Amino acid sequence: MALHITHGSAVNAVTWSGIDTVLLDMDGTLLDLHFDNDFWNRAIPEHYGQLNGLTIGEARHQLNPLFEREQGKLNWYCLDFWSQSLGFDVATLKRELADGVAWRHAARDFLDRLKASHCDVILITNAHPETLRIKMERIDLSPWF
């Protein structure tokens with residue numbers, strides 16, 4: 001049985017007795033997307049601009065076609081691809097800014113309820129292994145999975 005809970009959905013309305021396994025995505029489900037959005041929309045163009053003598057606007061102008069071309073593809077999540085394409089270590093920048101990694105509202109409470117249930121809980125993500133490592137160093141999700 002597939003179940004997608006969105007903003008405003010009532011978790012209590014779910015018939016949990018009919019569910020054995022819960023698959024949860026990490027980014028945007030458990031972790032707030034503010035970090036990722038800020039990283040890609042501000043930090044990457046800002047750092048790229050500094051390295052290349054560009055304003056942030058000029059950097060965005062150069063980067064947007066590449067971002068648009070790769071969005072929705074596996075490269076979008078690959079720090080190795082971005083490091084090679086942008087000419088700097090993207091993982092290092094991500095690690096430097098990792099204080100911005102934060103829980104999504106009520107996610108920890110939801111995970112506590114799932115852990116106390118009969119359900120098997122599995123984390124799924126298409127995050128690069130280094131991104132996963134950086135985020136797990138900031139917020140250790142492993143106790144719930």
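How do the residues of the lining of the second largest pocket divide into nonpolar, polar and charged? The structure examined here is a predicted model, in which local features need pLDDT of at least 70 and side-chain atom pairs count only at pLDDT 80 or more, while totals for chains, interfaces and linings use all residues. Residues are numbered from 1 along each chain as its sequence is written, and side-chain values use heavy atoms, with hydrogens and water left out.

The lining of the second largest pocket divides into nine nonpolar, six polar and six charged residues. In this division, Ala, Val, Leu, Ile, Met, Phe, Trp, Tyr, Cys and Pro count as nonpolar, Asp, Glu, Lys and Arg as charged, and the others, Gly among them, as polar. The volume of the second largest pocket is about 510 Å³. Of its 21 lining residues, Asp36, Asn37, Trp40, Trp76 and Tyr77 are the closest to the centre. A pocket is an open set of points on a 1 Å grid over the protein atoms alone, where a 1.4 Å probe fits, with protein on both sides within 12 Å along at least five of seven lines; lining residues have an atom within 4 Å of a point. Grid points are joined across faces, edges and corners, and the volume is the space filled by probe spheres set on the points.

Helix 1 (34–52), helix 2 (56–70) and helix 6 (129–138) each supply at least two residues of this lining. The largest share, five residues, comes from helix 1. Asn37 has its place in helix 1 and counts as partly exposed because its relative accessibility is 41%. Buried means under 20% relative accessible area, exposed over 50%, and partly exposed in between (1.4 Å probe, protein chains only). Asn37 is 73 residues from Phe110 in sequence, and the two are 23 Å apart in space, C-alpha to C-alpha.

The protein as a whole has six helices and two strands, arranged along the sequence in the pattern β-α-α-α-α-α-β-α. Helices (H or I, at least four residues) and strands (E, at least two) are DSSP runs, numbered from the N terminus. The C-alpha atoms fill a box of roughly 60 × 25 × 25 Å, taken along the principal axes. Of the 145 residues, 35% count as buried.

The axes of helix 1 and helix 2 come within 8 Å and cross at roughly 115°, which means that helix 1 is roughly perpendicular to helix 2. The axes of helix 2 and helix 3 (residues 79–86) come within 12 Å and cross at roughly 155°, so helix 2 is roughly antiparallel to helix 3. Axes are lines fitted to C-alpha atoms, for helices over the stretch in contact, and angles run from 0 to 180 degrees between N-to-C directions. Angles under 35 degrees count as roughly parallel, over 145 as roughly antiparallel, 65 to 115 as roughly perpendicular and the rest as oblique. The crossing of helix 1 and helix 2 is right-handed, and helix 2 passes helix 3 in a right-handed crossing. A crossing is right-handed if the near helix is turned clockwise from the far one by less than a right angle, and left-handed if anticlockwise.

Leu74, in the loop between helix 2 and helix 3, is exposed, at 72% relative accessibility. Leu74 and Leu86 are twelve residues apart in sequence and 17 Å apart in space, C-alpha to C-alpha.

Ala106 is in the loop between helix 4 (90–96) and helix 5 (107–115). Its phi is near 70°, a positive value in a residue other than glycine. Most residues other than glycine have a negative phi. Ala106 is partly exposed, with a relative accessible area of 39%. Arg95, which lies in helix 4, is partly exposed at 35%. The C-alpha atoms of Arg95 and Ala106 are separated by 25 Å, with the two residues eleven apart along the chain.
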